[in-house]
Amino acid sequence: MNNSQYVYSNANILRGIEHINLTNNSTLTLNNKSLPLGDATDDNINTGYNIDGTSTLAIQNSGATTFKSHLSGNGTVSTNTGGNAFSFDSNNAGDSFAGTLALGNSTFILSGLNTQALNQATLRAGAGSITTVGNGVQHIGGLAFDGGTVDFGSIAPGNTRAENTIQTGRDLNLTASGTVKVGVDNMINETPAADNNIPLLSQDDKTTTIRLAGSDGTVTGNAGSLALVDANGNVITDSVTDGILQNGSLVALGTWDWRLTITTGENQDGLYIGYALKQVDLQGNGDNALLLNSAGASGNAADLSAKVTGSGDLAIENNANGTVSLSNQDNDYTGITEVRSGNLLMNNNHVLGNTSLLQLAADTTLNMNGYAQTTGRVDAAEDSQIAINGGSLTIDQGGIINGHLLGDGSLTLNDGTLEINGENTSLAANTQILNDATISLNNAAGLGSGAIDNAGKLILTSANGSLQNSLSNSGTVNLNGSQIVLAGDNALFSGIFNIDPSSQLTASEAQHLGSAAVNDSGTLNLITDTDWTLNNSVMGEGNLVKEGAGVVTLTAPSSAYTGTTDINQGGINFGSRNQPLTLATSVININQGFLAGNGAVAGDVNNLGVLQVGSNSTSQNMTTLAEIQAVPATSDSLTIGGNLTNGGIIQLGQTGSNIQAGNTLTINGNYMGNNGTIAFNTALGDDNSATDHMSIRGNTSGTTLVSVENAGGSGARTLNGIELINVGGSSDGNFLQDGRIVAGAYDYRLARGALNNQSNWYLTNSASEPVGTVTPVDPTTPANPSNPTTPTTPTSPTVPDNPATVAPSSDIMLRPEAGSYIEDLAAANTMFNTRLHDRLGETQYTDALTGEKRVTSLWLRQVGTHNGWRSNIGSLKTTSNQYVVMLGGDVAQWSNNGLDRGHIGLMGGYGNNQSNTHSGVTGNTSKGQVSGYSVGVYGTWYANDVNKTGLYLDSWLQYNWFKNKVNGEDLPQEKYNSNGFSASLETGYTWKIGEFYSSKQSLNTVYIQPQAQITWMGVKANNHTESNGTLINSDGNGNIQTRLGTRLFLKGHSKIDDGKSREFEPFIELNWLHNTRNFSTEMNGARVSQDGANKIGEVKTGVEGQLTQNLTAWGNVGQQIGNKGYTNTEAMVGVKYSW
């Protein structure tokens, strides 16, 4: 059994058990049933009980009982056999049980097997038990009296030791009460006379005559509480009473009689019958108090075991290290106990009787030595000590302790006021303050570290420091001019903390305040790094201060105080959407940290930290039954009853995943901005968008930054604007936009209203000032209608003109990121597009296919481009710079008739485009970047007649892939990919239109070459969702670009280059390009397109030259111009090597 309790009363339940182990405070009770162990229930040698030192085997029987089971361990076997005999069996004789036999209502014969069973065990003679000692010396482990009777039999005359004795191997405890029975039969034939001429403390054990028990171990107590009776139960007496004189005055009456005692001196080795001082009756008071002085003696020689009674006083006088002890628990004197010098030691409970006053002088000590004592009052001087040391001190009527308290145990005040001055850090005793009692401290450590059960009153006056004690019960704790930090677990304290105007009470956990009310006239300081709820009632005109990184949630009871609230660290939550709460505080100073809540603040708020409308996220899980049953509210609301000064952040509503719009902040007084910030949640859209709102019924002043977080809005055109701030008084404050406000394709700005709404502030995505909501004018009474005229014959209707297209508003605030997305897509679709002359550097060339100059070529081209265009709506202007490098070469060539030629090649490239888009309305910019690669194949065929004129065909197919970036001003970078195919088919025809000789007699031939090209662009950007939630869909892939143009070129070489295979070809080219689709982007469905690129004119000029038989180079520049400011400037160089 482990930490278990079981009563065995049915013999059919437990069978066949061999071993029973009792551990960890377990109790097994054998109730009128024996429990023999073993399969054969024979308690054989292999069975038994093992009882640890914390456990008990309880034997309860209504008749005589013999215990037969084997025993081991050091626990307790208790008996109650209804006054019948209890005994052991031979099984127990050699068990070496080392625990305790606690005899209750049983008889026991200490001899034979019983003595052998207790050879190492202790016999405790409890109330109701009678132990009869057998003949001879009975050797057992220990003996302790506990209210029972031990019968030592008859004593022969003249013997100094009884015939029947006990010898203990360990302890002999004579502290408690009990009865010793002996047969006297004229055992003493001479009565020693009383002697007043020896030290009084030796007279209670001077004459020892007959030894009853001895001990090889320790003898505890002086047997003063043991009664000596004869065989018939009559008290053995032959008393003499004499006066005790002190300095010639009678101070007490002494009674000498037969009594039980121990030996004199240090060798306290047994229990004896002696004739000695048995009682002292105190007679004198004050200076005539009975003086006890150890006179240098110690131990039993300095102990008074005689009973002290009477109404006189008892005084202790010793040298500095001397100690007097009292050991009789039956003492009942009522006078003063005065320790004038030295030490007083308690060797039993209640040895100070019913003393009315315990008085200790300076440098004296009362050592309670683990015992209990009740006194009327206590008066302990400075530098005195009351060492409870595991005992229990009860004070009936208070007093004053200027000395020191120390040790563990308990201190109880029943009534009156006990004043304890100074610290008692060595005191660990628990303190109990009863209903009508008061303990007053001037030091937080006045009651040490023990628990305080306070049903009365605990007063701390001018005390500073940490109250380490744990409080319980329902009393009061008063702070008068004190600074107290609660440190104990006060969860069981339900009383009241009273804080006066000059005091401060500090708590760090909910358990520090328990469920007590706080009457705050000073300061309640909450210092915590953890989150908890203040459920206590807090009232009064005092203040509350919040320190530490943790969050404290106020409730209705804890928000009734009317003083100032200072939030220096961490935060305070209050209220909820369904259960708003009003804070009665007159001023809240948010110095750091935050205040978050639903409901109202009665007074002013000065914010240098964070003021949040709605509970902070740490309180969102605090749901009450009323909230569960209520219809859930969907927004947060906070009202400031006074003025609001903002030098920090005001957050309207939740953030992160809990973001939603529709929260309100109402200020009944004035608002002053001190360069603080207000953060709104708005579902950015049109004028009717849901938004957080701030209403100011008073005036505004100062400067405030305003930030807006999009709460799921898709963006839409505004007309009158979205009202964020409404000002009822003078609107002198200045609200400035903090950061960009974007949704979909739109940029929003914060602007003051116009006309009748100039006091208010709005969000708009128009450059015009927002008008706000226009109050309708009451209609006038219409005039009486005139008589109708005769209608005229209607004329035939005319055919209406086609309706004009409404021009997009030029003041719309488009996001410049739209231009970046468009430019990235346009660049990705056009970056690697080529024409025949971009790759080959010549119109046509002759490659003999057999022995006639068969060649293989490798070409390289590099292109730089500068592009500019505008959006179709708004005022977005985009410019870009692009670099492209491509490498390719032929892989196959052929000719059908010796004159034509076909060839196929492979090519690949890398390109990078950097763009910048600027909004002419907002001034915001966005940067785009696209970089990527292409691989492809090309094929070309030349008719190439003898005159090098004729038809050609060219085509290519490429796959392209890109990484795209968009960096909006003040917005996170966006990344996405794009990829796809592109293809082209080009044709042209070359005519020789003339030739001429130059001035240097070089022949030059002039050609004209009309061209046509169709290019399909299939690169598509992946759909992308921005970090602000805007969905980006780019459009324009699938565009078909057609080009019609003419190239005029001159072919020739200088006379000096005859025979050198060197030839140059300057040219000029004019083209007309048409795109079937505009490159566009949709941002949450709002479409923005590149404008002016559907019809483009181009002029290009350059030169191509064959530098050697193997090396060809070319270069050109071109300019494209479209509508609406579209331009594209390009420069290209290329080189080809053949071998």
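Biologist: How many residues line the largest cavity, and which of them lie nearest its centre?

Modeller: In this predicted model, 35 residues line the largest cavity. Thr 830, Gln 1041, Gln 1120, Asn 1128 and Glu 1130 lie nearest its centre.

Biologist: What makes a residue part of the lining?

Modeller: A lining residue has an atom within 4 Å of a cavity point. The 35 residues are listed for the largest cavity, so each of them meets that cut-off.

Biologist: Why is this space called a cavity and not a pocket?

Modeller: A cavity is a set of points where a 1.4 Å probe fits but cannot get out, whereas a pocket is an open set. The search of the whole structure finds four cavities of 30 Å³ or more, and the largest has a volume of about 600 Å³. The space is therefore one from which the probe cannot get out.

Biologist: Which element supplies the largest share of the lining of the largest cavity?

Modeller: Strand 80 does, with five residues. Elements that each supply at least two residues include helix 4 (817–830), strand 80 (857–871), strand 89 (1039–1052) and strand 95 (1127–1138).

Biologist: What is the lining of the largest cavity by class?

Modeller: The lining has 11 nonpolar, 16 polar and eight charged residues. Glu counts as charged, and Glu 1130 is one of the residues nearest the centre.

Biologist: How many charged residues does the lining of the second largest cavity have?

Modeller: Eight are charged, with three polar and one nonpolar. About 60 Å³ of space lies in that cavity. Among the residues that line it are Arg 835, His 837, Asp 838, Phe 1067 and Asn 1116.

Biologist: Turning to the sheets, why are strand 35 and strand 51 called edge strands?

Modeller: The open sheet has seven strands in the order 35-38-41-43-45-48-51, with parallel pairing. Strand 35 (372–375) and strand 51 (492–493) each pair on one side only.

Biologist: How many bridges join strand 33 to strand 36?

Modeller: Four bridges join these parallel strands, and Leu 357 stands opposite Arg 377 in strand 36. Strand 31 also pairs with strand 33 over four bridges, in the parallel sense.

How values were computed: Residues are numbered from 1 along each chain as its sequence is written. This is a predicted model: local features need pLDDT of at least 70, side-chain atom pairs count only at pLDDT 80 or more; totals for chains, interfaces and linings use all residues. Side-chain values use heavy atoms; hydrogens and water are left out. On a 1 Å grid over the protein atoms alone, a cavity is a set of points where a 1.4 Å probe fits but cannot get out, and a pocket is an open set with protein on both sides within 12 Å along at least five of seven lines; lining residues have an atom within 4 Å of a point. Grid points are joined across faces, edges and corners, and a volume is the space filled by probe spheres set on the points. Two strands pair if DSSP finds at least two bridges between them.
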